[in-house]
Amino acid sequence: MYPSRFRYEAPSTVAEAVAMLAAVDGEAKILAGGQSLIPMMKLRFAAPAMIVDINGIGGLDYHRADPDGTYRIGALCRHADLEKSATLADAQPTIAAAAPVVADPLVRTRGTLVGSVCHADPQGDWASVMVSLEGAIVAQGPNGHRSIQVADLIDGPFQTVLAPDEIAVEAVVPAARGVRAGGYLKLERRVGDFATVGVAVSVEMSGGSVARAGIGLTGVGPATINASDAAAALVGTVLDADAVDAAAQLAAEAAQPRSDHRGSADYKRHVVATFVRRIGAQIQRSEQEAA
Amino acid sequence: MSTLYEEVPPSFAEDVPVRRVELTVNGERRAADVEPRLLLAHLLRNGFRLTGTHTGCDTTNCGACTVLYDGVPVKSCTMFAVQADGHEVLTVEGLATASELHPIQEGFKDEHGLQCGFCTPGMMLAAKALLEENPNPSEDEIRWALSGNLCRCTGYQNIVKAVMWAADKLGANAESDGADDAGDASSAEGAASNAGGEG
């Protein structure tokens with residue numbers, strides 16, 4: 001299989017890339033890792049007139065914390081960079097938990113977090129993680145930069161609010177109000193399959209109780225689900241078993257799964273609740289070990 | 001369309017975008033004029049006639065087309081050939097020398113790490129990347145590193161054994177090179193990192 005014919009451009013700056021996008025008015029796609037885009041082009045689900053390959057743009061492969069704790073992940077930071085990062089686990093436990101379970105090891109050497117979020121696949125792992133962290137995508141267009149909350153970025157399956165002449169240049173997670181904890185659990189039939197269910201839970205602990213919480217769900221709805229009611233049930237609690245259980249039930253209610261070859265809707269809801277409980281228990285255990 | 005990467009008929013020359021790519025394949029400089037939509041796997045197989053790189057699923061699932069791209073294992077069916085411009089690619093043909101097999105190849109032979117052999121080139125290149133990063137992997141680490149490569153003969157047990165065999169052999173080679181003090185700079189480096197891994 002090979003894709004439809006396209007024009008290929010490899011700009012060396014973001015500004016150049018933006019100008020190229022603007023010139024073809026919606027008929028271009030950005031190539032970063034290409035691990036979702038190229039398969040879709042081969043299957044002819046996507047047939048862009050132009051490919052703008054950003055891999056030659058320097059300085060986009062970072063993941064780092066600002067002095068104030070704001071965390072930034074560049075558009076060319078690969079899943080494998082995050083998986084092998086020595087600093088990520090302490091700073092961003094939910095991201096660190098998700099990195100090793102994205103796709104398979106070969107896809108992880110090329111694919112990027114920012115690209116995956118912008119691909120907006122309801123079964124993508126990173127959008128749920130970023131939603132749980134109140135993360136945002138920074139887009140650069142002809143008129144400069146703007147920041148878009150990931151929860152607002154995705155407006156349907158494989159659809160985002162990014163303008164045709166905008167490039168997502170980085171993902172940003174705001175500084176924590178306290179100490180970060182969290183996890184990501186994913187059920188898949190085999191490595192590399194789409195998630196049957198994925199659950200991201202992120203909390204910020206201050207003075208022994210939860211100052212902020214976020215829960216994102218993968219693969220159990222037409223788009224990434226922000227289980228905000230479930231997360232709200234954790235705020236102000238000490239993350240005790242009752243609070244986690246309440247959140248688990250609300251998360252299961254927020255899920256909109258469909259029965260398919262990966263499992264029945266009831267089963268998927270059950271897994272959502274179970275994963276929230278498991279991540280809650282993991283966080284409690286690590287809190288106790290730290291104390 | 002096996003001529004996709006070859007000479008384009010003049011009547012189409014105006015419409016078809018063609019780019020010159022120059023890359024290093026198995027240590028040798030190669031150049032080709034390609035359409036941007038040509039996949040790296042097809043340039044290697046049909047263009048350069050390096051048919052050791054297999055295309056299995058063609059949908060980014062199976063890993064049979066795995067090559068090393070600047071030393072990193074990638075699925076060559078999920079990259080465009082133009083993306084390899086200025087980069088280094090290692091295929092299975094680059095593993096053995098004229099006189100001897102690579103220890104990973106020896107391991108697959110000795111431990112019966114293949115049945116039909118279709119997945120084997122991809123398995124061996126993924127294993128090579130693993131052993132360069134981690135010269136003494138555990139069984140779990142090997143299974144994890146090869147989890148993007150599928151074997152339909154269900155030969156995983158022996159594939160894991162083959163990689164362990166290769167790790168031992170590479171470790172022993174590095175040690176004897178170090179002891180003889182006859183190795184070149186790169187094998188001395190290998191010995192040092194191996195000793196570090198065991199420590």
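I looked up Arg49(B) and found it exposed, because it has 8 C-beta neighbours inside 10 Å. My cut-offs are these: buried is 20 or more other C-beta atoms within 10 Å of a residue's own, exposed is 12 or fewer, and partly exposed is in between, with C-beta atoms placed from the backbone. This is a predicted model, in which local features need pLDDT of at least 70, side-chain atom pairs count only at pLDDT 80 or more, and totals for chains, interfaces and linings use all residues. Residues are numbered from 1 along each chain as its sequence is written, and chains are lettered from A in the order in which they are written.

Back to Arg49(B): its phi is positive, about 60°, although it is not a glycine. Most residues other than glycine have a negative phi. I found Arg49(B) in the loop between helix 1 (40-47) and strand 3 (66-69) of chain B; helices (H or I, at least four residues) and strands (E, at least two) are DSSP runs, numbered from the N terminus.

Next I checked Phe158(A), which also is no glycine and has a positive phi, near 60°. Phe158(A) sits in the loop between strand 8 (154-156) and strand 9 (159-160) of chain A. Phe158(A) counts as partly exposed because it has 16 C-beta neighbours inside 10 Å.

Then I took chain A as a whole. I noted 12 helices and 14 strands, and 53% of its 291 residues count as buried. Its C-alpha atoms fill a box of roughly 55 × 45 × 30 Å along the principal axes.

Last, the contact (C-beta atoms, placed from the backbone, within 7 Å): I read 23 residues from chain A and 25 residues from chain B.

Terms used: Contact = placed C-beta atoms within 7 Å.
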